[in-house]
Amino acid sequence: MAEIITDKTMDEIEILAKLHLTAAEKEKSRGEMQRMLDYVDMLNRLDTSDVEPLTHIFPVENVFRDDEVEESTPKEQLLANAPQEKDGQFLVPKTIG
Amino acid sequence: MHITDHTATELAEKIKLGEIGVTEAVKASLERIGASERAVGAFLTVEPEKALERAREVEDGIRSGRYAGPLAGVPVAVKDNICTNGTRTTCASRILENFVPFYDATAVKLLEDAGMVILGKTNMDEFAMGSTTETSAFAVTKNPWNTGHVPGGSSGGSCAAVAAGECFAALGSDTGGSIRQPSSYCGVAGIKPTYGTVSRYGLIAYASSLDQIGPIGRSVSDCAALLSVIAAHDEKDSTSVKRGDTDFMSALGDSPRGLRIGIPNEYLSDGLDPDVRDAVGRAAEWLKDAGATVDCFDLGLMEYTIPTYYVIASAEASSNLERFDGVKYGYRAAEYEGLHDMYKRSRSEGFGEEVKRRIMLGSFVLSSGYYDAYYLKALRVKALIKRAFDDAFSRFDIILGPAAPTAAPKLGTSLSDPMKMYLSDIYTVAVNLAGLPGLSVPCTVNGLGLPVGVQLIGDCFAEKKLFTAGAAIEAARAADGETRFTRPVSVCGGAEEAAHTGKECAR
C-alpha cells in the first residue's frame with residue numbers, strides 16, 4: 001500500500017516545494033499526488049534488495065583543472081535580469097527584524 | 001520547387017553552388033512563417049531583422065571560406081528552453097517571461113560556428129513538462145497536418161515549425177520523449193542522442209540525468225548532419241562525453257544488410273492504435289526487404305518504466321527549479337510579506353499547474369522518510385531497466401517500435417487527466433532512463449491525414465546504425481510512392497502559396 005498523503009503531509013510539501021496553495025488547490029493536489037503514489041507503488045513488486053541505485057549511466061569521475069583566474073561575467077549583465085536591484089546588488093525583502 | 005521545399009542538406013548544397021543565396025533562403029523562411037504562423041503558432045519569438053543581418057554575415061563567411069560545413073547558410077529554429085544570447089528565452093513559462101540570456105548554449109554556439117542562421121525560438125510545454133505543448137503559458141501550437149490536433153510535446157513548436165516549412169531544421173530537447181513523440185506526430189525526423197553527446201550547457205534544466213538536446217529535420221540525413229554539428233565534448237557540462245565518432249553522415253549510405261532488428265512483444269500489445277501497429281509492421285517489412293533480420297522478443301519491465309521515470313524526473317525537477325526564487329532572474333510577485341512569502345508567491349504565480357504538480361511530487365519523494373522508499377527505489381529499478389536493454393543489445397543492433405501509442409490527439413483532450421498523459425510516454429521514457437539514442441522516422445499517414453512515425457532505439461553510441469536504418473526506411477517509403485511527407489496540406493493557403501507548391505496544395 002502506498003503512503004497516505006494527509007493534510008499534514010501537504011503542509012510539509014508546500015514548505016519544501018516553496019509554493020503557496022489555496023485550500024482548494026491543496027485538496028486537488030493531495031488527490032493527484034495520492035493517485036500518482038498508488039501507481040508508483042507497483043515498483044515494490046520488484047525485488048531490488050541486491051541492486052545498487054543507478055545514478056549515472058556512464059562512470060563519472062572528478063574533473064580536475066588548474067585553478068586559474070579568468071575573466072568572469074560583468075556584474076551589470078548578471079543583474080540585468082533581476083526583478084529588483086540596488087547599488088549593483090540583488091534587492092530582496094528585509095530578512096532581519 | 002519553392003526554396004522552403006528543400007531539405008536542409010539540399011539547401012546548403014545549393015547555397016554552396018551559388019544557386020540560392022543565404023538572404024534569399026532566410027527571406028523565404030520568414031515569408032513562410034508570415035503565411036503559416038496564424039494557423040500553426042510554432043514560434044514564441046521570431047527575429048526577422050537579426051536573421052537577415054546574420055544572413056549577410058554568413059554569406060560573406062561562406063565566400064571567405066569561414067563557413068564550409070554541410071549546413072552553412074541554413075535557417076533554423078531553437079526550442080525556447082535553450083539559451084540564446086540577447087534573445088528572450090522563456091521555457092514557455094511566466095516565471096521566465098522576460099528572461100534574456102547573456103550567453104549562448106553550447107549547442108547554439110555550434111550552430112553559429114557552422115554558419116547556420118537562427119530565425120527564432122519555438123513554443124514548448126512549460127519547462128518541457130508535458131506531451132502536447134498545451135502546458136505552454138503563452139501560445140497554442142497546432143499540428144500543421146491537421147490544425148484540430150496537437151503537435152505533441154514538449155518540443156511541439158520545433159517539430160511543427162519544421163513540418164510547416166517555416167524552418168529547415170530545429171533544435172529540440174528530449175527528457176522522456178520530447179523530440180521523438182512530436183516528431184512522430186508532425187511527420188518529421190528527430191533524434192535523442194546518447195546521453196552526454198550534446199552539451200547541456202545553456203539548456204535550462206528539467207531533469208539533468210535524462211535531458212539531451214537533439215536535432216529535428218525533414219529527413220534522416222538532415223538530422224545526421226545537424227547532430228554532427230552539435231555533438232561535441234564540452235568542459236562546461238560535467239556529463240559531456242568524449243566521443244570521436246561524430247561524423248554521422250558517413251552512416252547514411254551504408255546498407256542495412258545484416259542489421260539485427262528486434263521488436264519487443266510488449267510494444268505491440270494492448271492499447272496500441274492499429275495505425276501505429278501498421279506503421280511498425282511496414283517499417284519492419286521495409287528493413288527486411290533491405291536485408292536486415294527482424295525478430296520479436298521479450299524486453300521486460302515495460303510497465304515499470306513510467307513510474308520510475310516520473311519519480312526520477314520529478315525529483316530532479318524539484319531540485320533544478322528551486323533556482324526560480326524571484327531574486328536573480330524571472331518573475332517576482334507584486335505583493336508579499338517577507339522573504340519566504342516572496343519565494344512562495346512568486347513561484348505559485350509564475351509556474352503553471354503541471355510544473356507545480358511535478359515540483360510537489362519531486363519534493364515529496366526526496367523528503368526525509370520517503371527518499372529510500374521512492375527515489376532510491378526508482379534508481380534501483382532504473383538499474384534493472386538498463387540491464388534489460390544491455391541484454392537486448394547483446395542480441396540485436398536496433399530495437400524497433402512505436403514512438404507513441406497513437407497519432408496526434410485532438411487539441412484540448414489531454415490535460416484533464418495527467419495520469420493518462422503520462423501513460424502516453426510508454427514507448428519513450430525508458431530510452432532516457434538507459435541513456436540510449438532513439439530516432440523517430442516518419443512512416444505512414446493515417447485516415448485523418450495525421451503522420452505516424454516509428455522509433456529506432458540503439459545501444460549507447462550506436463547512432464550511426466540508427467541513421468543507416470532510418471535512411472533505409474525513408475528510401476523504402478519513397479519507393480512505395482509515399483510522398484506526402486513533403487508538405488502538410490492544412491498550411492497551404494492563399495494564391496501565392498498555391499503557386500509555389502502547385503500540385504500538393506491542390507490535393
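How do the residues of the lining of the second largest cavity divide into nonpolar, polar and charged? In this predicted model, that lining has 9 nonpolar and 2 polar residues and no charged ones. The cavity has a volume of about 70 Å³. Its lining consists of B:Tyr267, B:Leu299, B:Gly300, B:Leu301, B:Met302, B:Thr305, B:Ile385, B:Ala388, B:Phe389, B:Ile426 and B:Ala430. Helix α12 of chain B supplies the largest share of this lining, with 3 residues.

The structure contains 3 cavities of 30 Å³ or more. The volume of the largest cavity is about 100 Å³. Its lining numbers 16 residues, and those nearest the centre are B:Gly130, B:Ser131, B:Gly176, B:Ser178 and B:Asp425. By class, this lining comprises 4 nonpolar, 10 polar and 2 charged residues.

The largest nonpolar core has 188 residues, of which B:Leu111, B:Phe127, B:Phe389, B:Leu456 and B:Phe467 touch the most other members. The element that gives the most to this core is helix α12 (residues 371-395) of chain B, with 12 residues. For B:Leu456, contacts beyond four places in sequence include B:Leu287, the run B:Ile398, B:Ile399 and B:Leu400, and the residues B:Pro437, B:Gly438, B:Leu439 and B:Val441. Further contacts of B:Leu456 are made with B:Leu466, B:Ala469, B:Gly470 and B:Ile473.

After α4(B) comes B:Gly115, with a positive phi near 80°.

The loop between β3 (117-122) and α5 (156-163) of chain B contains B:Ser136. B:Ser136 counts as buried because its relative accessibility is 11%, below the 20% limit for that class. Its side chain reaches the backbone nitrogen of B:Ala139 at 3.3 Å. Apart from neighbours within four places in sequence, B:Ser136 is in contact with B:Ala92, B:Asn123, B:Met124, B:Asp125 and B:Glu126. B:Ser154 also lies in the loop between β3 and α5 of chain B, and the peptide bond from B:Gly153 to B:Ser154 is cis, with omega near 10°.

Most residues other than glycine have a negative phi, and most peptide bonds are trans. A:Lys18, which is not a glycine, has a positive phi near 50°. A:Lys18 is located in the loop between α1 (7-17) and α2 (23-40) of chain A. With a relative accessible area of 29%, A:Lys18 is partly exposed. B:Phe461, likewise not a glycine, has a positive phi of about 70°. B:Phe461 is placed in the loop between β11 (451-458) and α15 (463-479) of chain B. At 32% relative accessibility, B:Phe461 counts as partly exposed.

Methods:
Residues are numbered from 1 along each chain as its sequence is written. Chains are lettered from A and ligands numbered from 1 in the order in which they are written. Side-chain values use heavy atoms; hydrogens and water are left out. A nonpolar core is a set of buried Ala, Val, Leu, Ile, Met, Phe, Trp, Tyr and Cys residues joined through side-chain atoms within 4.5 Å. Buried means under 20% relative accessible area, exposed over 50%, partly exposed in between (1.4 Å probe, protein chains only). Helices (H or I, at least four residues) and strands (E, at least two) are DSSP runs, numbered from the N terminus. Contact means heavy atoms within 4.5 Å. On a 1 Å grid over the protein atoms alone, a cavity is a set of points where a 1.4 Å probe fits but cannot get out, and a pocket is an open set with protein on both sides within 12 Å along at least five of seven lines; lining residues have an atom within 4 Å of a point. Grid points are joined across faces, edges and corners, and a volume is the space filled by probe spheres set on the points. Ala, Val, Leu, Ile, Met, Phe, Trp, Tyr, Cys and Pro count as nonpolar, Asp, Glu, Lys and Arg as charged, and the others, Gly among them, as polar. A polar contact is a pair of N or O atoms within 3.5 Å; within protein, one must be able to donate a hydrogen and the other to accept it, and residues adjacent in sequence count only if both atoms are side-chain atoms.
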